[in-house]
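My notes follow the display.

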Amino acid sequence: MPALLFFLSLFLFIYLEFSLFVWIASHIGVLGLILLLIGSFLFGVLMLRARGWYALLSMQKQLAQGEVPTQSLFKSGIWIMAGILFMLPGFLTDIFALLLLLPPVSVLVEKLIKSRVTFFSSKIFRKTDRTFYGYDENSEIFDVEFEKRADEDKRIK
């Protein structure tokens, strides 16, 4: 039954996508349709590149502050998913991509993913007062000095 529902929804999606192609091509022409598809693809590529750099810089900043960048990863993942949907030819996929970029929908998708994936609720991603560079007064700290010397004998001892 789930396989039948999946194939039925896939068929409906493809049918609606082709219907939109025909309707838009009949109103603006085939050349306009092709230009819209190319523009959508280029927008998706630019969005992926820009969000990739932003995610990299944001995660570096959060890691330098001693935080785990889960929020940044979720937001970037949603934007990357929207960019891939923009790159796929079709107007229904573009509508889904625009919906993903809306803040209420992205928050809803983020909550849905967090509830489905138990890895993000583990102790690794819980925010605590400790940081990666934290100092604990109760821990044992070893103060060591070393001197680098060249081995004169050049043999294994």
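I took contact to mean heavy atoms within 4.5 Å. With that cut-off, 64% of the contacts in the protein between residues at least 6 apart in sequence join residues at least 24 apart.

I noted that this is a predicted model, where local features need pLDDT of at least 70, side-chain atom pairs count only at pLDDT 80 or more, and totals for chains, interfaces and linings use all residues. Residues are numbered from 1 along each chain as its sequence is written, and side-chain values use heavy atoms, with hydrogens and water left out.

Fold. I found five helices and zero strands, in the order α-α-α-α-α. Helices (H or I, at least four residues) and strands (E, at least two) are DSSP runs, numbered from the N terminus.

Surface. The protein exposes about 13,100 Å², of which carbon and sulfur atoms supply 69%; the areas are Shrake-Rupley values with a 1.4 Å probe. I read that 21% of the 157 residues count as buried (buried is under 20% relative accessible area, exposed over 50%, partly exposed in between, with a 1.4 Å probe and protein chains only).

I38. I placed I38 in helix α2, residues 30-64. I38 is partly exposed because its relative accessible area is 43%.

G90. Is G90 buried or exposed? G90 counts as buried because its relative accessibility is 0%. I located G90 in the loop between α3 (70-87) and α4 (91-101). Leaving aside residues up to four places away in sequence, G90 touches E17, F21 and L37. The C-alpha atoms of G90 and L37 are separated by 7.1 Å, and the two residues are 53 apart along the chain.
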